[in-house]
Amino acid sequence: MRIIAFYSPKGGVGKTAAAVNTAYLASREGVRTLLWDLDPQGASSFYLAGAERVKGRKLSKLLDGQSPIARFIHEDVYDDLDVIPAHSSFRNFDIKLEQEQDGNTLKELLAPLSEDTSLVILDCPPTLSRLTEQVLEVADKVYVPVVPTWLSLNSWAQLREFVKDKKLGVKKLRPFFSMADRRKHLHRDLLAQPEEALGVPALAAIPYASVVERMGEEGQPLERLAPNTVAAAEFRALWQGIRKDLWSR
Ligand SMILES: Nc1ncnc2c1ncn2[C@@H]1O[C@H](COP(=O)(O)OP(=O)(O)OP(=O)(O)O)[C@@H](O)[C@H]1O
Ligand SMILES: [Mg+2]
C-alpha cells in the first residue's frame, strides 16, 4: 500500500481538485484507491458525490477505538474508489492526536487498510499542524500544488525548509503547478523555467480553467466531466508522474 497526500499550507490552490482527479484516474486503472478527506469542510466528498453527498462519521468513535476504520469508509463511490468523507469533528483531529500517547496515530489508523487498498490519498486542510506533521511523516510522497506566483513559491520554499528541519525527507515533496494562467507574464515566465522556480522539476502544470470549477457543481471528477480538455490532460500527466514515483524503480 502506498500513501500519498495533497498538501499546501496555502488555501484554495487546487489540492482537493487534484486529490479527487488523481483518485479517480488511479481507480480507472484498477488501482484500489481510498480517498480520505481530512478537511472538516469536506470538499472532496462534495466533488465526488455532488448532491448525494455522503455523510461522514464522528472522529472520536474512530480514535477511541469504538469503531474500526472500515466503518468510516464509503465503498465504491466508483469502481475501485472508496472514500472516507469528512466530518466536522475532524477539526478536533489535532487535539486528539496530541492527546494520544505514542504519537503516530495516523499511521496506526491507516495500517489495517493495507489488505484491501493499494493507494491511500489524503486530502489535507491548508494548515500546518500536528495532523499535517503526521501526514508529512506517514506519506510516501506529498504532492504540492504551486500557483505560479511569488507568494506561492515562497510558501513552497517555506514548506521545504520545514520538512528539512523536521527531517521528514525533503525528497518526498513533489510540486506541480496549479491554476496556471498563460495570459499572465509572470505565470509564463515561471512555467518556462520550472526548475529554477521550484528547485526541482514540476510534475505537471494544471491550467486555470472554468471546467475545473464545474467539478464542484456537477460533483464529478474532470475525467468524467470533460475528458477532452487541456486541464483533464494535465491531470492525467500528473497521475502518470505519481504512478511513476510510486511504482517504478
Ligand atoms: N485549475 C483550476 N482552474 C480554475 N479553478 C480551479 C482550479 N483548481 C481549483 N479551482 C477552484 O478553486 C477553488 C479551490 O480549489 P480546491 O478546493 O481544489 O483548492 P484547495 O487547495 O483544496 O482549497 P482548501 O485550501 O480550501 O482546501 C475551487 O472553487 C475550485 O473549483
Ligand atoms: Mg481542499
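The talk below goes term by term.

Modeller: This is a predicted model; local features need pLDDT of at least 70, side-chain atom pairs count only at pLDDT 80 or more, and totals for chains, interfaces and linings use all residues. Residues are numbered from 1 along each chain as its sequence is written, chains are lettered from A and ligands numbered from 1 in the order in which they are written, and side-chain values use heavy atoms, with hydrogens and water left out.

Colleague: Why is Ser 152 called buried?

Modeller: Buried means under 20% relative accessible area, exposed means over 50%, and partly exposed is in between (1.4 Å probe, protein chains only). Ser 152 has 3%, so Ser 152 is buried.

Colleague: What makes Met 179 partly exposed?

Modeller: Its relative accessibility is 29%, so Met 179 falls in the partly exposed class. Asp 80, at 22%, is partly exposed too. Ile 242 has 0% and therefore counts as buried.

Colleague: Where is Ser 152 found?

Modeller: Ser 152 is in helix H7, residues 150–165. Helices (H or I, at least four residues) and strands (E, at least two) are DSSP runs, numbered from the N terminus. H7 has 16 residues.

Colleague: How do you know that the span of H7 is close to the expected one?

Modeller: The expected span is 1.5 Å times one less than the number of residues. For H7 that gives 22 Å, and H7 reaches 22 Å from its first C-alpha to its last.

Colleague: Which residues of H7 are buried?

Modeller: They are Ser 152, Leu 153, Ser 155, Trp 156, Leu 159, Phe 162 and Val 163. An α-helix has 3.6 residues a turn, so residues three or four places apart point the same way. The buried residues of H7 pack against several elements, among them helix H6 (130–138) and strand S6 (141–146).

Colleague: What does Ser 152 touch, not counting residues up to four places away in sequence?

Modeller: Contact means heavy atoms within 4.5 Å. Ser 152 touches Lys 10, Val 146 and Val 147.

Colleague: What makes the pair of Ser 152 and Val 147 a polar contact?

Modeller: A polar contact is a pair of N or O atoms within 3.5 Å; within protein, one must be able to donate a hydrogen and the other to accept it, and residues adjacent in sequence count only if both atoms are side-chain atoms. Here the backbone nitrogen of Val 147 lies 3.1 Å from a polar atom of the Ser 152 side chain.

Colleague: What is called a cavity, and what a pocket?

Modeller: On a 1 Å grid over the protein atoms alone, a cavity is a set of points where a 1.4 Å probe fits but cannot get out. A pocket is an open set with protein on both sides within 12 Å along at least five of seven lines; lining residues have an atom within 4 Å of a point. The structure holds one cavity of 30 Å³ or more.

Colleague: How much space lies in the largest cavity, and which helix gives the most to its lining?

Modeller: About 40 Å³ lies in the largest cavity. Grid points are joined across faces, edges and corners, and a volume is the space filled by probe spheres set on the points. H7 gives the most to the lining, with four residues. Ser 152 is one of the lining residues.

Colleague: What is the volume of the largest pocket?

Modeller: The largest pocket has about 430 Å³. Of its 22 lining residues, those closest to the centre include Gly 12 and Met 179.
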